[in-house]
Amino acid sequence: MMRLLPLPSQQQLYDHSPRWLQRILVNAEAVRREWFRRHGDYRRLVAEHSPVWYFRPRSDQEEWQLHRLNHLLAEVRRRVPFYRDTLPDRPLTSLADLTSLPMLSKEQVRRNPLALVAPVLNRRTLWPRKTSGSTGTPLTFYLDREATRNHQAPADAMLAALGCHFGQSRARFSGAYVTPYTRTQPPFWVWIDLYRQLQCSAYHLAPAYYPHYLRALRDHAVVYGTGYPTSWHLLATYILESGDRPPALRAIITDSEGISLEQQAVVEQAFGCPVVQTYGTGEVGQIAWQCEHHRYHVLSRAAIAEVVDEQGNPVAPGETGQIVVTSFASSGTPFIRYQTGDLATLAADDCPCGRHSPSWLAIEGRIDDRIKTPDGRWIGRLSHVTKPGVGIKESQIAQVAHDRIVIRVVPASDFVPASMEAVIEAARRYLGPTMQIDWELVERLPRTRAGKLRHVVREIEV
């Protein structure tokens, strides 16, 4: 009997395709994403999220939020069986009543993500998302088209206020797979025509390659930058040390991780433009943006973001607590009082910038450690490499030697050891052949004093 060869995976197909075909493949994926993100009367939706809203009095914002919240709760209770017995059948009288509603944990989502989806929705119109997040614990969830465009609209509105618009040439550093780690010659990027986006690999930022990246940014005449702030900081440090010419950018808007204010100032000095750090998650979208005074302002037209203690009660101004989000994005794939696992310090007064939405002085636990490879590359945000693992409850990637990392895994009851081969392979794509990669089972992983699990840690002096 003839034995059929297995079909190549999408990753293998991309890796072995010529550059012109890779460009077609990434543009095809962009078309799929745009079908979710910017369909329908999208311009009207962006206009509704005008940043002018955040200068309105706090009382006006909260009155609108209460009305929107009650409408959302009624729709979710009617549409989603998971919430039918837990949400009130009468309107809340104030936003303070939110504390009477149960919080939604990541573990509840993990156990049965489709339970949080309205049964009437066609599965083919849902966007399945899988993320490890900052905790290293795999999480699958679903978003409908209403949710995805309501995640995108406030972000696009905030970008426009900075003079940055969709359709202008931009550069992005993120965890998107662009080219194999073993590649030693540029390009380390791919052009996405639909977005006019130069998608740059965050995993090839070695000192020898910095000039190539800057040349690509200049050649593509990028107007603004987005993505990992650590990547922009590496380029900024090189610019200041070498005197190389940066591209002329209007702004750099960062996401996915945080950097210190000192590092942020370095990026602003090198590129000669403002840097705006944002906060959000894949589940609820972007929900807070920095202002010129470095406070994080909640996008109060997109969500209600509480800062609460362990019992789910609001912390006092100046105190630190967990960020719990109720997103207005969709009643079909809702997230109500969702425990993000991230921590924020609540501001005690109105911000000097004049915005009256709630603001945070700091977001804790977002400045992840990074791994330094033997050839001098700094690699962060590696949580996604554990996605192929089956039955991983929690994980942590630790650099224990200059040329060795260990992936520590807390197994769930359905853990499949063989799946770690795919995890090792994924890690090697980003860390290269000179890094030894091992894994081990552990009963528990240590937390920080704030109770956070750091997914990437460096246990050696570099």
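How many bridges join strand β18 to β19? The legends below treat this pairing and its surroundings in what is a predicted model.

**View 1. The pairing of strand β18 with β19 in the predicted model.** Strand β18, which spans residues 404–411, is joined to β19 by six bridges, and the two strands run parallel. Within this pairing, R404 stands opposite Q436 in β19.

**View 2. The open sheet of four strands to which β18 and β19 belong.** The strands follow the order β19-β18-β17-β20, and their pairing is mixed. Because β19 (436–441) and β20 (456–458) each have a single partner strand, they stand at the edges, and one side of each is left without a neighbour in the sheet. On average, and with direction ignored, neighbouring strands of this sheet are turned by 20° against each other.

**View 3. Helix α10 packed on the sheet.** Helix α10, formed by residues 420–431, touches β17 (392–401), β18 and β19, and the direction of the helix makes about 145° with that of β19.

**View 4. The crossing of helices α7 and α8.** The axes of helix α7 (residues 210–219) and helix α8 (residues 229–242) come within 10 Å and cross at roughly 100°; an angle of 65 to 115 degrees counts as roughly perpendicular, and α7 is therefore roughly perpendicular to α8.

**View 5. The residues that meet between α7 and α8.** From α7, the contact involves Y210, P211, Y213, L214 and L217, which meet W232, L234, L235, Y238 and I239 in α8. The residues of this contact divide into 10 nonpolar, no polar and no charged.

How values were computed:
Residues are numbered from 1 along each chain as its sequence is written. This is a predicted model: local features need pLDDT of at least 70, side-chain atom pairs count only at pLDDT 80 or more; totals for chains, interfaces and linings use all residues. Side-chain values use heavy atoms; hydrogens and water are left out. Two strands pair if DSSP finds at least two bridges between them. Axes are lines fitted to C-alpha atoms, for helices over the stretch in contact, and angles run from 0 to 180 degrees between N-to-C directions. Contact means heavy atoms within 4.5 Å. Angles under 35 degrees count as roughly parallel, over 145 as roughly antiparallel, 65 to 115 as roughly perpendicular and the rest as oblique. Ala, Val, Leu, Ile, Met, Phe, Trp, Tyr, Cys and Pro count as nonpolar, Asp, Glu, Lys and Arg as charged, and the others, Gly among them, as polar.
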